[in-house]
Amino acid sequence: ISSLYLAASASAEFFADIALSPMECCKVRIQTSPTGTFPRTLRGAFPKILAEEGVGGFYKSIVPLWGRQIPYTMMKFACFERTVEALYANVVPKPRAECSKGEQLVVTFAAGYIAGVFCAIVSHPADTLVSYLNKAKGSSIGDAVKVLGWNGLWGGLVPRIFMIGTLTALQWFIYDGVKVQLGLPRPPPPEMPESLKIKMGLAQQ
């Protein structure tokens with residue numbers, strides 16, 4: 001069943017990145033262009049890129065963007081849930097049902113941070129490529145890899161681990177915190193739909 005949810009998160013991120021790519025392009029160009037050479041607002045950056053490079057200018061880094069965001073999203077959900085299960089099974093000295101709300105939120109934060117560390121690692125080389133391609137006009141992925149090299153692709157990983165780890169931990173902490181305050185229970189562990197069990201059973205025969 002985990003593969004089903006991984007596939008769902010990957011496909012959702014695939015289409016979301018198509019909408020995200022123009023914004024990512026504008027953001028990187030604004031951040032990396034020397035002062036005075038490029039607009040400093042989205043309202044100025046978007047039409048400038050469109051006029052100079054056409055629609056394709058917004059999507060020249062779409063492949064590494066998928067390479068960054070899809071593994072990131074898959075890891076964010078899968079690793080978090082598995083880490084929560086592992087913490088309750090091996091670290092927390094009592095079942096989840098017997099833990100206070102505060103104790104459950106501590107587990108959520110810890111699991112979120114661990115998931116964030118893995119998110120940062122699996123998505124970092126692609127994140128480096130996205131930044132490079134959006135500021136280096138005319139460069140291909142191959143050109144970027146050749147210029148950056150192995151060490152360049154992994155440059156800045158440690159600060160990004162701290163950033164993504166903290167961000168992911170806070171996302172899960174706020175999400176679960178709101179649910180706790182509203183009295184909404186965590187969903188039970190996912191189970192495979194009966195129809196899918198039957199199909200897989202038939203496929204195995």
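**Close-up views of a helical chain**

Of the 205 residues in this chain, 35% count as buried. The model shown here is predicted, so please read each view with that in mind.

View 1. Let's start with the overall fold. The chain holds 7 helices and 0 strands, and reading along the sequence gives the pattern α-α-α-α-α-α-α. Along its principal axes, the C-alpha trace spans about 60 × 45 × 35 Å.

**View 2. Contacts across the sequence.** How much of the contact set joins residues at least 24 apart? Among contacts between residues at least 6 apart in sequence, the share is 73%.

**View 3. A nonpolar patch on the surface.** Which residues form this patch? They are Phe 109, Leu 170, Phe 173, Ile 174, Val 178, Leu 182 and Leu 184, and together they have about 630 Å² of accessible area. Helix 6, covering residues 157–182, gives the most to the patch, with 5 residues.

**View 4. A closer look at Leu 182.** This member of the nonpolar patch sits in helix 6. Is Leu 182 buried or exposed? Leu 182 counts as exposed because its relative accessibility is 59%, and the cut-off for exposed is over 50%.

Methods
Residues are numbered from 1 along each chain as its sequence is written. This is a predicted model: local features need pLDDT of at least 70, side-chain atom pairs count only at pLDDT 80 or more; totals for chains, interfaces and linings use all residues. Side-chain values use heavy atoms; hydrogens and water are left out. Helices (H or I, at least four residues) and strands (E, at least two) are DSSP runs, numbered from the N terminus. Buried means under 20% relative accessible area, exposed over 50%, partly exposed in between (1.4 Å probe, protein chains only). Contact means heavy atoms within 4.5 Å. Patches are made of residues with over 30% relative accessible area and no salt bridge: like charges are joined within 9 Å, nonpolar side chains (Val, Leu, Ile, Met, Phe, Trp, Tyr) within 5 Å. Accessible areas come from the Shrake-Rupley method with a 1.4 Å probe; for residues, only the protein chains shown count as cover. A salt bridge is a side-chain nitrogen of Lys or Arg within 4 Å of a carboxyl oxygen of Asp or Glu.
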